[in-house]
Amino acid sequence: MVIQVGSGEINDLSILNILNENNLLYELRIRYKKGIIYTYIGDVLIAINPFKQLNIYEKQQHDLYKHIQYRNHSPPHIFWIADHAYRKLCLSKQSQCIIVTGESGSGKTESTKLMVSHIIYCSGNSGDRELQNRIIETSPLLEAFGNAQTCMNQNSSRFGKYLQLNFTDNGRIVGAKVYEYLLEKSRIVQHGSNERTFHFFYYLFAGLEKEDLNYFHLNDPETYRILKDPSGEKVFPNQTDFDHCRQMFNTQKNIMKRMGFTDKDINIVFTILSAILHLTNIQFTRDDETDGVYIEDEYPLEVVCTLLALDQEILTMALISTFSITKGEHVISLKNFDQANDCRDALAKALYERLFSWIVKQINNLLQPTRRNNSIDDDIYLTCSILDMSGFENFQMNSFEQLCINITNEHLQYYFNEHIFVQEQQDYQTEGISYEKIHFQNNEDLIALFMDSLGILALLDEESHFPKANDESLVQKFHSHCKYHSRYIKPKGNETTFGIHHYAGKVVYDAHGFLEKNRDNLSINLIECMKKSGMDLIKHLFLLTDEINHSSISPYTMIGYNKKHPNWYRKSSANEHIQDHMTEQTNKSNQQELKFFKTNIHFKEYFNQNTVAFHFKISLAELLDRMKDTEPSFVRI
Ligand SMILES: Nc1ncnc2c1ncn2[C@@H]1O[C@H](COP(=O)(O)OP(=O)(O)OP(=O)(O)O)[C@@H](O)[C@H]1O
């Protein structure tokens, strides 16, 4: 049979004799015009965002794809991927992972939600209804705190999510767990024109009644720095937007209640959000006599202290000065204008990040698998996970956040190549099947460019430890070490930019602010101040010295996720020490000592690697480690 490319009838593009980019795009375009958004290429599903509601996700479709015997009996659908993964889990008793990739705004989060709903539908009858509803409501709740309007997407996820569903051997869902990655916390203090900070801040103003607004000392939304649009657009551009935010406020509050958040929990969340709004409104005035700063209008400061039960004098001192003990002497040095502003913003970012992690932790407590045979080890369950990571980003201005997101996407692309091309060809070889070698764009060299001991992240960390380094010196360092790499672009002229030829295209990064973002200095004085709060949660959030408490690394993460390839993580010099210690400790087989390496905080204290890039490498390694023992499926959007 002759297969006509461009007919829009080809459900699986892998049957084409010649599958090149032109054929693929041509067929997809025709299908899209016909209203068909899903197409297979082998076991990979390609989805194109319809940007309108389609009635293809109804009960009828759930039934159609539930335990479907032959894939080609029904049109390609996102439910098939979910169903296939669930069925494989039940039949082969192997954990599954669905990896959803695509650019920002392409539809990853919507697809994730659709797949979760189908998996729950399939596993549903015998399951715990309340738990199932909680799992379904987890995504919208996280979106309220982790999503924001960007120029690409009105509801863009500003964090990555690995949602792990836990099943018994016979496919009954018993719990779930969310792992969050890379929350874009800089959005708390800065966002571009026509963009916004995280949704819930707007929901608060639209949803709280007047007396509640008063209770949190909130006034006109236009008065808050972090809500203002740089282009001068109003916080709520129109009544429709306000009404939408009001409705979302009520929806989210109800979800929180249904999820098991107490009224006290909800009040704490609103209190911290309000405190962040007031904190970021604190303004410093230069003091010419001392070269330091002072706070002229103390109102926002007073409100922060009231809301978070802090001592006003201690907070003021922590914001405008640095207190240290040198050779037994107490030394107080004054912060200059920029340092004081950075210090205030660092606290706002830390508060939000820790609040977000706490919300995720609360959700995880509520979704915990029920115990089996009195065991508390949730690893004994089979899992089906869905990875919804921020997609590849290429904005007009690309900063450190885009770099981290794009590096993550390079790893996911590498993972995809490994599974789709490399392993497939190896299987053919093992089985003695003759095949034509598949040529694909390998991005191993790019991963090395970022992760090697003299790669971009290591250079960034190294420069971050020099007090006199600046963004220009950082870029010079990149240029001198990477300029001969075929994927690295050294632009002419501009002193703080560099470019990378990513697998998904060329991106120019502006390194302005890279060092500050990577150091992410939250002063010890501020941490101490927070630890003295009269509010238990604030104390708790800042108890672990200065650290994000969500990461606990398994020693095996360090050994790498792919035995065939030299491990990037082991290569970096700081990690060589870790590796040595790991081996030593592992050889000792001393559980106590192994435990020592299991917490992030120990790594940092021990090796003094307290940078965002370092954390990023660890959480990326954790993510890949988590996916290692699962059988993957892919959705590309
Ligand atoms: N299957 C779908 N049906 C209808 N609309 C959709 C579908 N998928 C996506 N959309 C629309 O596209 C918008 C963006 O989708 P989504 O937020 O899932 O993108 P994303 O890839 O997760 O983006 P980001 O990486 O920025 O988080 C949605 O708000 C929705 O309006």
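Which residue in β7 does Phe-167 stand opposite? In this predicted model, the residue opposite Phe-167 is Ile-173.

**View 1. Strand β6 and its two faces.** Strand β6 spans residues 160–167, and eight of its eight residues are buried. Gly-160, Tyr-162, Gln-164 and Asn-166 lie on one side of β6, with Lys-161, Leu-163, Leu-165 and Phe-167 on the other. Both of these faces are covered.

**View 2. The hairpin of β6 and β7.** Strand β7 (residues 173–181) pairs with β6 in the antiparallel sense, over eight bridges. Five residues sit between the two strands of the hairpin, and Gly-171 has a positive phi near 85°.

**View 3. Pairing of β6 with β12.** Strand β12 (residues 382–388) is also antiparallel to β6, with seven bridges between them. Tyr-162 has Leu-387 of β12 as its bridge partner.

**View 4. Gly-102 in an annotated segment.** An unreviewed UniProt entry carries a "binding site" annotation that covers Gly-102, Glu-103, Ser-104, Gly-105, Ser-106, Gly-107, Lys-108 and Thr-109. Gly-102 belongs to the loop between β3 (96–101) and α4 (108–123). Gly-102 counts as buried because 22 other C-beta atoms lie within 10 Å, the cut-off being 20 or more. Beyond its neighbours within four places in sequence, Gly-102 is in contact with Gly-107, Lys-108, Gly-391, Arg-636 and Ile-637.

**View 5. Gly-107 in the loop between β3 and α4.** Gly-107 is buried, with 22 other C-beta atoms within 10 Å. Not counting residues up to four places away in sequence, Gly-107 touches Ala-47, Asn-49, Gly-102 and Ile-637.

Key: Residues numbered from 1 in each chain as written. Predicted model: local features only at pLDDT ≥ 70, side-chain atom pairs only at ≥ 80, totals over all residues. Buried ≥ 20, exposed ≤ 12 C-beta atoms within 10 Å, placed from the backbone. Helix = DSSP H or I, 4+ residues; strand = E, 2+ residues; numbered from the N terminus. Pairing = 2+ DSSP bridges. UniProt positions renumbered as here; feature names shortened; annotations may be inferred. Contact = placed C-beta atoms within 7 Å.
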